[in-house]
Amino acid sequence: MPGFELIDKNELNEIKHIFKNGSVLFRQGFEGLRKKVYKVKKFEEKFRDKFKSKFSLAVTSGTSALRVALEVLDLKENDEVITQSFTFVATVEAIIESGAKPVCTEIDKTLNMDPKDLEKKITKNTKAVIVVHMLGTPARMNDIRKICKKKNLSLIEDTAWGCGGKYNNKFLGTLGRMGTFSFDFAKSLTTGEGGMIVFKNKKDYLKAKAWHDHGHENNPKVPRWKDTRTSSGFNYRMSELQGAVGLAQLKKLDKIIKLQRMHAAEILKNIKDLPNVEVRYCENNCIQTFDSLIILLRNKKLAEKCRLNLNKKSINTKILPEAKTWHFAKYWSHMPELASSHKKNLINEFKKSEEILERCVSIPINCKMTKQNIFKIINVIKKIEKK
Ligand SMILES: *Cc1c(COP(=O)(O)O)cnc(C)c1O
């Protein structure tokens, strides 16, 4: 979890800096007032450099980051975009908003996209894939990238939970054509609400940049009110207040990931040899962010019991097993667009995903977890099948 635990005077000082220097809360223009303070622009640049990506664009949320990224692909009515069954509703909502048809794959033991099922679900209408590094564990990027390359599909990484994680020494979000990030209040970095997109190609970046700002090309040769445009757009601009908080938060990313990984490692060390507890699978050469640590028990009943036992010790679980309805496509019959891609029978789909998810318990990892809480968690897990 989270950047919100580490909010301190640094975020406040970044905001004060705006108000001491002209109080311009808009990301561009007002040059006479703003005394060269550009928080969003600076946040984008620092983020780009940190992640070693080529281009970056800040937006209003992780959901809008996905929406803007999809706009770059020029999707048409019958185009299909494939994502995974275990994600947050936002991933599918963004596909629906883009006008394309959402399709979900099964997950495997990574709890992310199952590459074998991805291959099965590709049709002649498939244009793009949104892979999700759900709760901070990288998806099988080697296999998924190979499939996308072979089938000429654009790959977007929904890195809402993977901010600061790596795959083969590359930051998550930088392996596909575009990567999207969320800075909502539950994510590793937070600006209250906010998001970022990173791009490999300049053309994609310029298109997204214009579209997220009503089509404005911000042509330096003319004032903004005379600005050039080649398409319509929308408003997904980040405000300077969010940019200021983002700058302070970004400096804390390494510390956040380090603490989360340390706490997860402490728990893992103590449970890894238990005969009836399986740990979420992660490929080699990965750095997981450990927004949560997920274990798989022998069956659904044991998973529910484990949750109750944790709750009794005042430890919450995160998403699994209790909040599946918001994070598992099986329960999204309120999205007819998704249902129609799955024979209007979502509740009977994703049998493999269900078989995995129903056995999972997701333990939230915090920066400020106490030794005592870590000890409690280990004890509950150790005792789960002894009684
Ligand atoms: C949080 C989240 C989003 C959406 O981000 P917001 O900033 O809340 O709009 C998208 N995808 C996943 C997987 C998420 O967890």
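**Sheets, helix packing and ligand contacts**

Strand 6 (residues 166–167) and strand 11 run antiparallel and are joined by 2 bridges; helices (H or I, at least four residues) and strands (E, at least two) are DSSP runs, numbered from the N terminus. Two strands are taken to pair if DSSP finds at least two bridges between them. The model is predicted, so to speak of local features a pLDDT of at least 70 is needed, and side-chain atom pairs count only at pLDDT 80 or more, while totals for chains, interfaces and linings use all residues. Residues are numbered from 1 along each chain as its sequence is written, and side-chain values use heavy atoms, with hydrogens and water left out.

Within this pairing, K166 has I287 of strand 11 as its bridge partner. The two strands belong to an open sheet of 3 strands in the order 7-6-11, with antiparallel pairing. Strand 7 (170–171) and strand 11 (286–287) are at the edges with a single partner strand each, so one side of each has no neighbour in the sheet. The phi of F290 is near 55°, a positive value in a residue other than glycine. Most residues other than glycine have a negative phi, and most peptide bonds are trans. A cis peptide bond, with omega near 0°, links L320 to P321, and P321 sits in the loop between helix 11 (300–312) and helix 12 (336–341).

A second open sheet has 7 strands in the order 1-9-8-5-4-2-3, and its pairing is mixed. At its edges stand strand 1 (55–59) and strand 3 (101–105), each with a single partner strand, so one side of each is left without a neighbour in the sheet. From one strand to the next, the twist averages 20°; angles run from 0 to 180 degrees between N-to-C directions, and axes are lines fitted to C-alpha atoms, for helices over the stretch in contact. Strand 2 (residues 80–84) pairs with strand 3 in the parallel sense over 5 bridges, and Q84 has T105 of strand 3 as its bridge partner.

Helix 4 (residues 62–71) packs on this sheet and touches strand 1, strand 2, strand 4 (126–132), strand 5 (154–158), strand 8 (178–182) and strand 9 (195–199), where contact means heavy atoms within 4.5 Å. The direction of helix 4 makes about 160° with that of strand 8. Helix 5 (residues 89–97) lies across strand 2, strand 3, strand 4 and strand 5, and runs at about 150° to strand 3.

Helix 4 and helix 5 also meet each other: their axes come within 9 Å and cross at roughly 35°. This crossing is right-handed; the term applies if the near helix is turned clockwise from the far one by less than a right angle, and left-handed if anticlockwise. T63, L66, R67 and L70 of helix 4 make the contact with A90, T91, A94, I95 and E97 of helix 5. By class, these residues are 5 nonpolar, 2 polar and 2 charged. Here Ala, Val, Leu, Ile, Met, Phe, Trp, Tyr, Cys and Pro count as nonpolar, Asp, Glu, Lys and Arg as charged, and the others, Gly among them, as polar.

Elsewhere, helix 3 (residues 39–51) packs with helix 9 (residues 240–250) at an angle of about 35°, their axes 7 Å apart. Their crossing is left-handed. Residues of this contact include F43 and F47 of helix 3 and A244 and L247 of helix 9, and the contact as a whole divides into 7 nonpolar, 2 polar and 5 charged residues.

Around the ligand are 15 residues, of which G62, T63, S182, D184 and K187 come nearest; a residue is counted if one of its heavy atoms lies within 4 Å. A polar side-chain atom of T63 is 2.5 Å from an oxygen atom of the ligand, and one of S182 is 2.7 Å from a ligand oxygen atom. For W161, an N or O atom in the side chain lies 2.8 Å from an oxygen atom of the ligand.

Definitions and conventions:
Polar contact = N/O pair within 3.5 Å; in protein donor to acceptor, adjacent residues only side chain to side chain.
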